[in-house]
Amino acid sequence: MSIGPANAGKAGGMKLTGVDRNEARREDQEAAEVVKLWQQQAGGIKSQIAKVNAQQSEVKFAIPEYSDNMPIRVAKLGEGGLTAPKCCFLCGLKRDERVARLDVSVEDSFREWWTDHWGHTDCIRFWEEHKDSLK
């Protein structure tokens with residue numbers, strides 16, 4: 001979906017318009033290119049992180065796994081899977097949904113991971129940092 005102009009002289013503001021197939025295909029290709037670039041670079045980064053982890057025992061670092069198709073699961077209440085009335089405004093995930101191999105050890109008890117009426121705190125930060133170039 002994309003945002004289009006409102007009808008002149010009518011109430012309601014901006015309107016959502018459909019995305020054509022070419023635009024959707026182009027966005028999918030761009031996402032696949034990003035995943036491919038990440039996978040090419042991740043090996044070197046993982047080896048460096050493994051060296052750091054071997055040298056220290058207090059904090060262990062991890063590199064997220066990205067792929068073309070990442071499964072989403074619903075977190076249980078005991079895992080910090082709190083619910084919210086709306087999904088994240090940017091990524092569309094619900095508060096209790098977790099991306100496998102990416103969202104690990106997510107603790108949301110004190111609302112540092114989710115901001116009410118917005119969504120994921122990281123999505124908000126991303127939007128605030130890049131909103132001018134995304135419009």
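This report walks through a predicted model of one protein chain, from its overall layout to single residues.

## Overall layout

The chain holds 2 helices and 6 strands. Read from the N terminus, the elements follow the order β-β-α-β-β-β-β-α.

Of the 135 residues in the chain, 19% count as buried. The chain exposes about 10600 Å². Carbon and sulfur atoms supply 55% of that area. Contacts can also be sorted by distance along the sequence. Among contacts with a separation of 6 or more, 38% join residues 24 or more positions apart.

## Helix α1

Helix α1 covers residues 21-55, a run of 35 residues. From first C-alpha to last, α1 reaches 50 Å. That is close to the 51 Å expected at 1.5 Å a residue. The helix also carries a kink of about 40 degrees, centred on Ala-42.

Which residues of α1 are buried? Val-35, Ala-42 and Asn-53 are. With a relative accessible area of 54%, Val-34 is exposed, because the cut-off for exposed is over 50%.

Val-34 and Asp-68 are 34 residues apart in sequence. In space, their C-alpha atoms are 9.8 Å apart.

Glu-65 lies in the loop between α1 and β3. Glu-65 and Ala-42 are 23 residues apart along the chain, and their C-alpha atoms are separated by 8.6 Å. Glu-65 touches Lys-46, Met-70 and Arg-101, leaving aside residues up to four places away in sequence. Glu-65 is partly exposed, with a relative accessible area of 31%.

How many salt bridges does a search of the whole structure find? It finds 3. One of them joins the side chains of Arg-95 and Asp-116, at 3.8 Å from N to O. This pair links distant parts of the chain, 21 residues apart. Arg-95 sits in the loop between β3 (72-74) and β4 (97-99). Asp-116 sits in the loop between β5 (114-115) and β6 (119-120).

Is Arg-95 buried or exposed? Arg-95 is buried, because its relative accessible area of 4% falls under the 20% cut-off. Asp-116 has 31% relative accessibility and counts as partly exposed.

Side chains of opposite charge can pair when their charged atoms come close. Helix α2, residues 121-134, holds two such pairs, Arg-125 with Asp-122 and Glu-128 with Lys-131. The closest N and O atoms of Arg-125 and Asp-122 are 2.8 Å apart. In the bridge between Glu-128 and Lys-131, the closest N and O atoms are 3.2 Å apart.

Arg-125 and Asp-122 are 3 residues apart, about one turn of the helix. Glu-128 and Lys-131 are also 3 residues apart, again about one turn.

Exposure can be read for each pair. Arg-125 and Asp-122 are both exposed. Glu-128 is partly exposed at 42% relative accessibility. Lys-131 is partly exposed too, with a relative accessible area of 26%.

## Surface features

A nonpolar surface patch of about 460 Å² is made by five residues: Phe-89, Leu-90, Trp-118, Phe-126 and Leu-134. Leu-134 belongs to helix α2. Leu-134 is partly exposed, because its relative accessible area of 45% lies between the 20% and 50% cut-offs.

The loop between β5 and β6 also contains His-117. His-117 has a positive phi of about 70 degrees, although it is not a glycine. His-117 is exposed, with a relative accessible area of 84%. Asp-116, from the salt bridge with Arg-95, lies in this loop as well.

Terms used:
Residues are numbered from 1 along each chain as its sequence is written. This is a predicted model: local features need pLDDT of at least 70, side-chain atom pairs count only at pLDDT 80 or more; totals for chains, interfaces and linings use all residues. Side-chain values use heavy atoms; hydrogens and water are left out. Helices (H or I, at least four residues) and strands (E, at least two) are DSSP runs, numbered from the N terminus. The expected span of a helix is 1.5 Å times one less than its number of residues. The bend at a residue is the angle between axes fitted to the seven residues ending there and the seven starting there. Buried means under 20% relative accessible area, exposed over 50%, partly exposed in between (1.4 Å probe, protein chains only). Patches are made of residues with over 30% relative accessible area and no salt bridge: like charges are joined within 9 Å, nonpolar side chains (Val, Leu, Ile, Met, Phe, Trp, Tyr) within 5 Å. Accessible areas come from the Shrake-Rupley method with a 1.4 Å probe; for residues, only the protein chains shown count as cover. A salt bridge is a side-chain nitrogen of Lys or Arg within 4 Å of a carboxyl oxygen of Asp or Glu. Contact means heavy atoms within 4.5 Å.
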